[in-house]
Amino acid sequence: MSLLLATGTAVVVSTSAQAATTLGASAAERGGRFFGTAVAAGKLSDSAYTTILNREFNQVTPENEMKIDATEPNQNQFSYGNADRIVQHARSRGMQVRGHTLAWHSQQPGWMQSMSGTALRNAMLNHVTQVATHFRGQVTWWDVVNEAFADGSSGARRDSNLQRTGNDWIEAAFRAARAADPGAKLCYNDYNTDNWTDAKTQAVYRMVQDFKNRGVPIDCVGLQSHFTGGSNYPSNYRTTLSSFAALGVDVHITELDIRNAPSDAYRNVTNDCLAVPRCTGITVWGIRDSDSWRSGESPLLFNSSGGKKAAYDAVLAALNSGTPNPTTAPPTTTPGTPPPTTTPPPGGSCTASVTPGTVWGDRYNTSVTVSGASTWSVVVAITSPQRVSTTWSGSFSWDSSGSVMTVRSNGSGNTFGFTTMMNGNSSARPQIRSCSTG
Ligand code: XIL
């Protein structure tokens, strides 16, 4: 398969001969998407849990550990231990983190529940600033505001103490988050926003459109998609995804679970995301049925013993049959100077060759092929503020700056790859620092 980039350079994008065998690896091959899961810090000591987590997923969302009651239990006393444990677990394995969530009517600590007016507005903005600053550079996306619209036919904002501080509380939160972590993608996240004709979906759509028109910083919209736990999987779901995407935001399926995990619904949701180039990833809300907040409904992809359910096979098959690196992605920007195709190792005995991959408006893929060794370690430097958002076919670890990664062979062949978010620098490209054997 060859793609013509804006410069007229023909680039061969290699397609793997063998189908990917995990959700994260397959999603990454479908245009650099992620496939993630909610993670609970208390389960990181459960090896059955972490075995599946580490094998299958390339993105995590802390299930409760970044919520307001967890991170600021007393006003101006911040508590990050459990959230930091999840972030460390994820980032040391090359998984991207979605921060969830900075401003929400629910799971507020007692001190915040009893506040109102200017004091509450200021406390909320301080919370956004402090927490986004703490995780700066560690979190790829933030659910800045969660669930701010009412259910039903009104299309109104949800009544809450935050809403009563003034209708501009949402944009104020987004502006504070942008100032605190300019590299993070800022998302609005909600449920019952799946059916395109629902008043709630339309109301969120109009808010995002208004934010884009007025320059309020927003990069993405999350659809929780807790199906048949109050809302059904609608036949116009793909229209909802593509309509939001057409506003110029990425779209994510952020908390997917489906009562009784029917394979057809999971397959259709996956295909709907794959059909929309800016639907850049799916997160399921837990690993095994026993981990689910709706465990009585067995809504997830793994049974309580950790076995793959039929829905798992359906999702993986849908991912594997999706178009690799779809050419319907947003237009390419002009690539900068191509990186050297071969960098000799300093004293090592393997060679790492870079093949530039697809370039989208905001991100690009890179694959690296190692020759001369079957077990190897390659060091790659990324130019800040660019940041790697997805990885595949290697074992990735990072230095503390987040800009230098060491990639080790993990038995999945001699070619690894990754997606890099440009974050405003569209010309820099990854540099190979070294290739060593063993
Ligand atoms: C849920 C968690 O899964 C539970 O453990 C917790 O008791 C309540 O919150 N929408 C959201 C998530 O945005 O944060 C919620 O998570 C599920 C609904």
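Contact here means heavy atoms within 4.5 Å. By that criterion, and leaving out residues up to four places away in sequence, Y266 touches L256, D257, I258, A261, V284, P299, L300, L301, A311 and V315. The model is a predicted one, in which local features need pLDDT of at least 70 and side-chain atom pairs count only at pLDDT 80 or more, while totals for chains, interfaces and linings use all residues. Residues are numbered from 1 along each chain as its sequence is written, and side-chain values use heavy atoms, with hydrogens and water left out.

A nonpolar core is taken as a set of buried Ala, Val, Leu, Ile, Met, Phe, Trp, Tyr and Cys residues joined through side-chain atoms within 4.5 Å; buried stands for under 20% relative accessible area, exposed for over 50%, and partly exposed for values in between (1.4 Å probe, protein chains only). The largest such core holds 91 residues, and the members touching the most others are F35, W142, V145, F174, Y266 and L301. With 7 residues, helix α7 (residues 169-180) gives the most to this core; helices (H or I, at least four residues) and strands (E, at least two) are DSSP runs, numbered from the N terminus. Another core, of 19 residues, lies apart from it and includes A373, V378, F396 and I432.

Oxygen atoms of the ligand lie 2.9 Å from a polar side-chain atom of N64, 2.7 Å from a side-chain N or O atom of K67 and 2.8 Å from one of E255. Taken alone, the ligand exposes 410 Å², and the protein buries 78% of that (Shrake-Rupley method, 1.4 Å probe; for residues, only the protein chains shown count as cover).

Strand β4 (59-62) contains Q59, which counts as buried because its relative accessible area is 0%. The Q59 side chain makes polar contacts with the side chains of T61, at 3.0 Å, and T283, at 2.8 Å. Such a contact is a pair of N or O atoms within 3.5 Å; within protein, one must be able to donate a hydrogen and the other to accept it, and residues adjacent in sequence count only if both atoms are side-chain atoms. Beyond its neighbours within four places in sequence, Q59 is in contact with residues including F34, F35, W141 and T283.

Helix α4 (residues 81-91) has A83, I86, V87, H89, A90 and R91 as its buried residues. These pack against β3 (34-39), α2, β4, β5 (96-104) and β17 (395-398). On helix α2 (residues 47-56) sits T50, buried because its relative accessibility is 11%; T50 is in contact with K43, L44 and H89, neighbours within four places aside.

Finally, the loop between α7 and β7 (185-190) carries A184, which is buried because its relative accessibility is 2%. A184 and T140 are 44 residues apart in sequence, yet 5.1 Å apart from C-alpha to C-alpha. With residues up to four places away not counted, A184 touches V139, T140, W142, R178, D219 and R387.
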